[in-house]
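Reader: Please show the sequence and the structure, and then let us discuss them in turn.

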Amino acid sequence: MINWTIPSLCIIVANLTLVFRIIRQKLRLKRPIRWCQQQLSDKSTIFIPKVSLESPLKILTVRSLMLCAQQCNQNILCRVFVYNEITFNCQLYQSDLSSGNITFIPGSTSQVGRIRYQPQFYLDYNQTCDRCQVNRYLTCQNARCQCPPSTTYWDGQMCQNQLSYGKTCNSSSWCRQDWNLTCIFGSCQPNTAHRTFLCKKFQKEIKHLICKLGATAITFDDLSTPTVNGIIPSIYQNLSWTNAYYLNESGIPNIGYRYVRVSGEYVCWFNSPMTIQTLIVNKTFTINSFVTAAGWSDSVILTITGYFSSIQIYTTSMSLNTYTQRIVELNWSGITKVVFNPSSPGYYDTGIDNLCITF
């Protein structure tokens, strides 16, 4: 269970009542300014959007948690922020707790914060713009206080984030139109105007890019640092990792890793047998699916083997190329360890992204 606290900065700001009163008088505001509705989770936590297509709104480097919180508060679309006190990495997300998971990672130096959203913050919706001159939750559009464009919608009480593939909708404004989704028979589906392309690509693949219900999506985007690549920690996402690395695909263009990446900018890569196993003896997990491609050379043969303790339970092999993305769906349950072993007449480098695991 995640515990939430109020940042000390919010308490300090809330006590500046005289300053607030002067500002309200100057701007002739009828309602108090809502400067801060932020809460912090426990330390050693990370945030993972449930939809793999959801990448951070912004990634920046700041020198403190409070500055990261301030950046989120200043971005009208930001609802969740993640700060790493060692790397000073600050990630801003539009996703909220209904569309993402907060995970406790022992030893992690990250912490998650959120901005609270409640119906009473939207009492000025559809009022004239003088009612939302200083309002974090609404913007002035066509002389009226409206939801922030273009990825939110009004549900009758609050501004909500637009919905992803397969979610129940009442109108197309409820669906992520920047993902070419529209409301069809009460469900967010690919836009009919793009049906030929999307039905073959987006609609077919999206069920693989989004993990199954109850599964954990490991996107590797929480490993982002100012450098292009690095070593995946030996303990990451409640699993033990050996011979595993990560890289920023955008920093190494025109190679196979751009076909590996399906969320954010970071992917996992390896060029020798990579092992992922549970931290507790005989504790099992299910490896559901992942996206993969060769990094530098074609004709990489990737052999994947699943074990319970030292007993081999599953195995499969596949050929990978650099300019072809491959979606692998295994659904191997009851394993304690999985080994990814690449081989090739050229370079062995192989990448994976959006690894779906069920504990």
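Author: A disulfide is here a pair of cysteine sulfur atoms within 2.5 Å. The model is predicted: local features need pLDDT of at least 70 and side-chain atom pairs count only at pLDDT 80 or more, whereas totals for chains, interfaces and linings use all residues. Residues are numbered from 1 along each chain as its sequence is written, and side-chain values use heavy atoms, with hydrogens and water left out.

Reader: How many disulfides does the structure hold?

Author: Among the disulfides are the link of Cys129 to Cys140 and the link of Cys147 to Cys159. Another joins Cys169 to Cys183. The number of disulfides in the structure is seven.

Reader: Is the link of Cys129 and Cys140 right-handed or left-handed?

Author: The sulfur atoms of Cys129 and Cys140 are 1.8 Å apart. Cys129 lies in the loop between β7 (110–115) and β8 (139–141), and Cys140, eleven residues away, in strand β8; strands (E, at least two residues) and helices (H or I, at least four) are DSSP runs, numbered from the N terminus. The angle about the S-S bond is 90°, and the link of Cys129 and Cys140 is right-handed.

Reader: Is Cys140 buried, partly exposed or exposed?

Author: Buried means under 20% relative accessible area, exposed means over 50%, and partly exposed is in between (1.4 Å probe, protein chains only). Cys129, at 16%, is buried. The relative accessible area of Cys140 is 48%, so Cys140 is partly exposed.

Reader: Why is the disulfide of Cys147 and Cys159 assigned its handedness, and which is it?

Author: This disulfide has an S to S distance of 2.0 Å. Its cysteines are buried, Cys147 with a relative accessible area of 10% and Cys159 with 1%. Because the torsion about the S-S bond of Cys147 and Cys159 is about -90°, the disulfide is left-handed.

Reader: How many residues apart are Cys169 and Cys183?

Author: Cys169 and Cys183 are joined with an S to S distance of 2.1 Å, and both are buried. Cys169 is in the loop between β11 and β12 (181–184), while Cys183 is in strand β12. The separation of Cys169 and Cys183 is 14 residues.

Reader: Which residue in β7 is the bridge partner of Phe81?

Author: Five of the six residues of β7 are buried, so the strand is largely enclosed by the rest of the structure. Two strands pair if DSSP finds at least two bridges between them. The bridge partner of Phe81 in β7 is Gly113.

Reader: Which residue in β6 does Thr45 stand opposite?

Author: Thr45, Phe47 and Pro49 are buried on one side of β2, as are Ile46 and Ile48 on the other. Strand β2 (residues 45–49) runs antiparallel to strand β6 (residues 100–104), with five bridges joining them. The residue in β6 opposite Thr45 is Phe104.

Reader: What is the relative accessible area of Ser95?

Author: Ser95 is found in the loop between β5 (89–93) and β6. Leaving aside neighbours within four places in sequence, Ser95 is in contact (heavy atoms within 4.5 Å) with Phe47, Pro49, Glu54, Arg79, Val80 and Asn161. Ser95 is buried, and its relative accessible area is 2%.
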